[in-house]
Amino acid sequence: MEIKVEGGGEFANASYTSVCNDVFRDVGLRSNIERVYMYCNAAEHVFIISIKIGRVPSPVKVWDVTLREGDKLRITKEEYAPKLLALLWDRYGERVQQESRLIIRFELEEEEVAKLNELVVYDPKEDLTVRMLDGIDRILPEGARVRYPIPFAEGQEGMTIIASENPISDEWKVKAKELIGGVALSGGGA
Amino acid sequence: MYKIMMFSGGVYKFNELREIVEDIGGFILQSMVMQTETMMHLAFPVEEEPRIRAKAKELGGKLKDLPLGGAEIMVVVPSLGKHHAVDPMCDIAEFLRRNGAITDMMGLARGVGRRIAQMTVEERAIINECDAAVFVFGNFKECIEEKVKLCEMIDVPYIIVGGPPASDVDLPHYVGGVGRRTSRMKRKEDIEKLNEMAMALADVLEEKRIELEEDPLATSPLFIKEMIEMLLTPKATEEFPIVIHMDGLRVKVEAEDEEKIRDIEIGKRKLSEICEIKKSLYEGYLLEILPEAVAGEIF
């Protein structure tokens, strides 16, 4: 993840770089974000943050998180256990039972087991936007509550948000597009 | 003039130290025995320091100076959101406690932003109940310079902690280099920064202490604390029912005990004659000790 912070002075730029790093690690997006650009203008109280999404991991399927042992499944990644159990109970009801913390017993036909292995337990894309917005909310100064989103061009994933405590003028909307465009040209990012 | 220090050591004969402190007219502010370890906050006359040091050495314990001992400090942040808590707000409060202060923490209801930052009358009154305040602001010089208006509204001494280095910000009692944090301040340079902050706070408290020495109080808050504790023994689960201020006390008692406190005899006077007693907006009752010049002699 490449982070660039401008306009806030030496200390603020360094501090916001580390804030961006830590926040996106906390929301679990560090490896999915290609580039973060932030522009701070404290004098006019305008903050622009632009995020470009890179590679998003493929959906996690049942066979990714379990190991088959006869008519049982052993959960190998426990963090997915609640989602996996909810999915299996929803689909197969009482034919699937949790025998112990990591062991699931099932009474299914062989074709059903093949289909079961292909079920999607968790798709990282489904809550990507929510997590990204949560991260942005944690990074931007708390007082900057007036927000203006700028959508990305088609074919690109990500978002840009202008935030301020004052109404956001058209001048800033234009300037934000210029800034992001400039970054895209110079760094090939957002 | 009392000196406040912390003794930490083993339990062997530590009662002897307690007895010496009481014999020389000192007070035990806090005492904690944890299996084989003890920790005590002691207040004793300054001139008796060599005697206390000698006893601590004999017992094989350590004495640490507490520059903020006997003061209640309010740590004020613009809000209690994750932008300010837990880092650096709790790091700062913890460090102040390690230096002997009793700390309270406050998130302002409308403290965020630059132009829109405000402080309510009630918040200001609660901050004024403490001995000093530490305002924790963010990374931008422009915002800090605008937000000083909040600090200037309060009557107690304060320091401001922010991001930009002190050389860039032209404000009194400002400590830079902290700013927004997302991790604990535990590295060497962070600890140095916190030390610098604690020393800046000790300096502003020293100014208040000198003012109090010029117009001395009718009696010491430590003495009143002991008199109250003789009358109202703390309940088993209570912690810090009495918090010492530089010029008074915060007594955390129920409303039914208020009359008992008013009638406590201090020398030949009643406590209500030498103190202004009022209900705290935050917790318990505030006892503001009147200067000797106003209250007269008590013995």
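## Sheets, helices and a chain contact in a predicted model

B:Val134 stands opposite B:Ile159, a residue in strand 8 of chain B. The model is predicted: local features need pLDDT of at least 70, side-chain atom pairs count only at pLDDT 80 or more, and totals for chains, interfaces and linings use all residues. Residues are numbered from 1 along each chain as its sequence is written, while chains are lettered from A and ligands numbered from 1 in the order in which they are written.

**The sheet of chain B**

Strand 7 (residues 132–136) and strand 8 (residues 158–161) of chain B pair in the parallel sense over 4 bridges. Strands here are DSSP runs of E with at least two residues, helices are runs of H or I with at least four residues, and both are numbered from the N terminus. Two strands pair if DSSP finds at least two bridges between them. Helix 6 of chain B packs on this sheet and touches strand 7, strand 8 and strand 9 of chain B, its direction making about 160° with that of strand 8 of chain B. Contact between two residues requires their C-beta atoms, placed from the backbone, to lie within 7 Å. Angles run from 0 to 180 degrees between N-to-C directions, and axes are lines fitted to C-alpha atoms, for helices over the stretch in contact.

The sheet is open, has 5 strands in the order 6-5-7-8-9 (chain B), and is parallel in its pairing. Its edge strands are strand 6 (102–107) and strand 9 (174–175) of chain B, each of which pairs on one side only.

**Helix pairs in chain B**

| Helix pair | Axes come | Crossing angle |
|---|---|---|
| Helix 3 (residues 89–98) and helix 6 (residues 188–214) of chain B | within 10 Å | roughly 60° |
| Helix 1 (residues 14–23) and helix 2 (residues 49–59) of chain B | within 10 Å | roughly 175° |

Helix 1 and helix 2 of chain B are therefore roughly antiparallel to each other. In helix 1 of chain B, B:Phe14, B:Glu16, B:Leu17 and B:Ile20 meet B:Arg51, B:Ile52, B:Lys55, B:Ala56 and B:Leu59 in helix 2 of chain B. This contact has 6 nonpolar, no polar and 3 charged residues. Ala, Val, Leu, Ile, Met, Phe, Trp, Tyr, Cys and Pro count as nonpolar, Asp, Glu, Lys and Arg as charged, and the others, Gly among them, as polar.

Helix 3 and helix 6 of chain B are therefore oblique to each other. Angles under 35 degrees count as roughly parallel, over 145 as roughly antiparallel, 65 to 115 as roughly perpendicular and the rest as oblique.

**Chain A**

In chain A, 5 strands form an open sheet in the order 1-2-3-11-10, with mixed pairing. Strand 1 (2–6) and strand 10 (146–151) of chain A are the edge strands, each pairing on one side only. From one strand to the next, the twist averages 15°. Strand 1 and strand 2 (residues 33–41) of chain A run parallel and are joined by 5 bridges. A:Glu6 stands opposite A:Tyr39 in strand 2 of chain A. Helix 1 of chain A lies across strand 1 and strand 2 of chain A, running at about 145° to strand 1 of chain A.

**Contact between the chains**

Between the two chains, 18 residues of chain A are in contact with 23 residues of chain B. On the side of chain A that touches chain B, helix 1 (residues 10–26) of chain A gives the most, with 8 residues. The residues of that side divide into 8 nonpolar, 6 polar and 4 charged.
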